[in-house]
Amino acid sequence: MWVLTKCGHREVKRLLEPKGIRVWALREEEYGPVTGELLGASYGDHAAVVTSTAAELHRAGIGHRLGFVTEIPHRLVDGYVQRADLVVRVPEGGVPVMLLEIDRRAEDAHGLVAEVCRYWEWGRLLRKDADRHTVDLVRSRPGAFECVGRDKRLWWRVCPLTGREGLVPVAFVFADTTEAEVDNTVAVLEEAGRRYGVPRRYEALCPRAVTARNCRRAVPVVLTTLEQLQEHGAGAAVWRRLGRTGEQTLRGALDDPDGHALYRAQVLLRLDISAVPGRPFRGPRCPGSEVAHEPPGRSRRCACR
C-alpha cells in the first residue's frame, strides 16, 4: 500500500508497527495557495511505476509477490543511506538478488552515475568483524581489495549470493520518457560510469595472451523501459547491459562469460608454454599484485596468495 489517507495511515500503523514492520511517514500532496495546482511531482506516480515494474517482473516469473522489497537502505561509511526503489530476490529464476532504480526523468544522467557509484562503494565495504590486517591491507593498497576473501565483505552477509562475478547487479527502469532520452542517458552512463560498471582487462605482460575481462570490481548495470516490459514482457530480450551492444534477456544480460575462470585457464596455458626449456617466462600478473606468477618448480609465489 503506497498512497493512503490519514485514516488509513493510522490503521496501518496500528496493525503493523506492533509487529516490527516499519510504516513510512504520511506524505501529503501540497497545492499552490493561489493556483490550486499540485506542486511538484506526485508521490503516487512514482509509486505506481514501481508497482507496475514489480507486476511485470512477477508476470514473467521473476520472483513472487512476497519476494519484492521496496526502499531498502544501504548505509555507506560517511553515513549516507542509498535506498533502492525495489529489491528482487529469485534464486530459482537466475536472479538471486537485484536492485532496481525507477527513473521518471526526475534527475539527470549524472545523478544515476552517482547512484551506481554509491552502490559500488557499498559493495566494497568490509564486515564489521573483519580483522585488522584485512582493514589495513585494503586501506594501504588500492588493488588489494581483489585479494580479500568474499566472506569478509559486507554484502555477502546481507544479500544472497549471486553466483556470478561482480557486485550486486543494479537495474534502471525508465518510464515516461522517449527513446532519444534513454539513449543519451545510456551514453552518459557508459562514459562517466565506466569505472564502476564496465569490466576491465587483467594486468598482463602479454595482453594478447589474456583476453579475459575482470568483472569482480564491476557493478553489473542493466537498463530497460517500463513500456518495453509492458509490451514484450520482462522475460523477453528487452534488457541492455552497460558496456555491451544489443538487447538480451535478463539472465543473458547479467551473465559474465568472461571472468576469472577464463583468466585462470589462459594463465595456466601461458605457464605451460613458458615452462618449455630454453624459453623465457612471459606469464601474466596476478590481479591486485605487482609480482608475476613463476613457472612450475620455482619457489617464488604471488604476493596475493
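Mentor: The side chain of Arg241 reaches the backbone oxygen of Ala253 at 2.6 Å. A polar contact is a pair of N or O atoms within 3.5 Å; within protein, one must be able to donate a hydrogen and the other to accept it, and residues adjacent in sequence count only if both atoms are side-chain atoms. The model is predicted, so local features need pLDDT of at least 70 and side-chain atom pairs count only at pLDDT 80 or more, while totals for chains, interfaces and linings use all residues. Residues are numbered from 1 along each chain as its sequence is written, and side-chain values use heavy atoms, with hydrogens and water left out.

Arg241 belongs to strand β10, residues 240-241; a strand is a DSSP run of E with at least two residues, and a helix is a run of H or I with at least four, both numbered from the N terminus. Leaving aside residues up to four places away in sequence, Arg241 touches Pro220, Val221, Val222, Gln248, Ala253, Leu254, Asp255 and Asp256, where contact means heavy atoms within 4.5 Å.

Arg241 counts as buried because its relative accessible area is 3%; buried means under 20%, exposed over 50%, and partly exposed in between, with a 1.4 Å probe and protein chains only. Buried residues make up 41% of the 305 residues in the protein, which has 10 helices and 10 strands. Among contacts between residues at least 6 apart in sequence, 55% join residues at least 24 apart.
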